[in-house]
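Colleague: I'm new to this one, so could you pick a single spot, take a close look at it, and then work outwards from there?

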Amino acid sequence: MVASVTAGNVQVQVLDKEGRPVPDAVVVVYPSTPAAPVASNATIGQQRMRFVPLVTVVAPGSRVRFTNLDRWDHHIRGTAAVNNVPGAPLGTNFEMRLAGATADATGGEADVVVQEPGAVLLGCHLHGSMRGHLFVTDSAYTLKTDADGIARFDQIPEGAAQLRVWHPEQLVDLPRRALQIGAAPVLESVPLSVVPRRRRS
Ligand SMILES: [Cu+2]
């Protein structure tokens, strides 16, 4: 399976072990001149017993708002995943109980400021099936794959670069790949060593 060239100077398609596209993988490119990501705000809803979106990518220093859109309480927790950025401290742990929405009032909200790069696993003390992921990146060039498993980057500086692919079910970190960014588009296909479960929609 080959990604079509429609835009961008680097396109990465993430595939599962059986060759099918994998959405919601995180693709990180580290150019030879590193570029720190810019902190921003993000919102993660709790809706119909799911975290929406499933995977959220932010920079260190970002404020992440959790908003309960269900009519029942959630008790959210965030724990640093085992599959963390090498060298990053385990941590960024938090928990919060968010009241359910009522006919008269919106549900509970709470903010967390994430500081350390790495993957944070989101769960709920009340609903064991709820899983989400917060990926705190250390590169400005970080994207989630789309429904076709593709991440398209437009402006990666020329020169040597490293490619990292992260997926919550890829428990053994994939080795980073060396890329050479030049005038011609770079197309990379990265297979996971697992077949992720499909999320109900
Ligand atoms: Cu819950």
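Modeller: Let's start at Arg 152, which is partly exposed, with a relative accessible area of 29%. Here buried means under 20% relative accessible area, exposed means over 50%, and partly exposed is in between, using a 1.4 Å probe and protein chains only. Bear in mind that this is a predicted model, where local features need pLDDT of at least 70 and side-chain atom pairs count only at pLDDT 80 or more, while totals for chains, interfaces and linings use all residues. Residues are numbered from 1 along each chain as its sequence is written, and side-chain values use heavy atoms, with hydrogens and water left out.

What does the side chain of Arg 152 meet in a salt bridge? Its partner is Asp 146, at 3.6 Å from N to O. For a salt bridge, a side-chain nitrogen of Lys or Arg has to be within 4 Å of a carboxyl oxygen of Asp or Glu. Asp 146 counts as partly exposed too, at 28% relative accessibility. By that rule, the count comes to 11 salt bridges.

Some of the others form a network, which links Arg 63, Arg 65, Glu 109 and Asp 111. Asp 111 has a salt bridge with Arg 63, where the closest N and O atoms are 3.8 Å apart. Because Asp 111 is in strand E9 and Arg 63 in strand E6, this pair ties together parts 48 residues apart in sequence. Strands (E) are DSSP runs of at least two residues, numbered from the N terminus. Asp 111 also meets Arg 65 in a salt bridge, at 2.8 Å from N to O. Arg 65 lies in strand E6 and Asp 111 in strand E9, so here the parts tied together are 46 residues apart.

Two strands pair if DSSP finds at least two bridges between them. One spot to look at is Val 64, which stands opposite Val 112 in E9. Strand E9 (residues 109-113) has a covered face, with Ala 110 and Val 112, and an uncovered one, with Glu 109, Asp 111 and Val 113. In a regular strand, the side chains alternate between the two faces of the sheet.

Now for the sheet. Four strands make an open sheet in the order E12-E2-E14-E15, with antiparallel pairing. Strand E12 (141-144) and strand E15 (177-181) are at the edges with a single partner strand each, so one side of each has no neighbour in the sheet. Neighbouring strands of this sheet are turned by 25° against each other on average, direction ignored; the axes are lines fitted to C-alpha atoms, and angles run from 0 to 180 degrees between N-to-C directions. Strand E2 (residues 26-31) is joined to E12 by 4 bridges, and Val 28 has Thr 142 in E12 as its bridge partner.

On to the nonpolar cores, which are sets of buried Ala, Val, Leu, Ile, Met, Phe, Trp, Tyr and Cys residues joined through side-chain atoms within 4.5 Å. The largest has 20 residues, and Val 10, Val 12, Val 14, Val 27, Phe 153 and Val 165 have the most contacts inside it. At least two residues of this core come from each of strand E1 (10-15), E2, strand E13 (150-153), strand E14 (159-166), E15 and E16. There is also a second, separate core of 19 residues, which includes Ala 110, Val 112, Leu 122 and Val 136.

Last stop, the metal. The copper ion is coordinated by His 74 (ND1), Cys 124 (SG) and His 127 (ND1), at 2.0 to 2.1 Å. Donors are N, O and S atoms within 2.8 Å of the metal (3.2 Å for Na, K and Ca), and water is not among the atoms, so sites may look incomplete. Along the chain, the donors follow the spacing H-x49-C-x2-H. His 74 is in strand E7 (residues 74-80) and His 127 in the loop between strand E10 (118-124) and strand E11 (131-136), so this pair links distant parts of the chain, 53 residues apart. Both His 74 and His 127 are buried.
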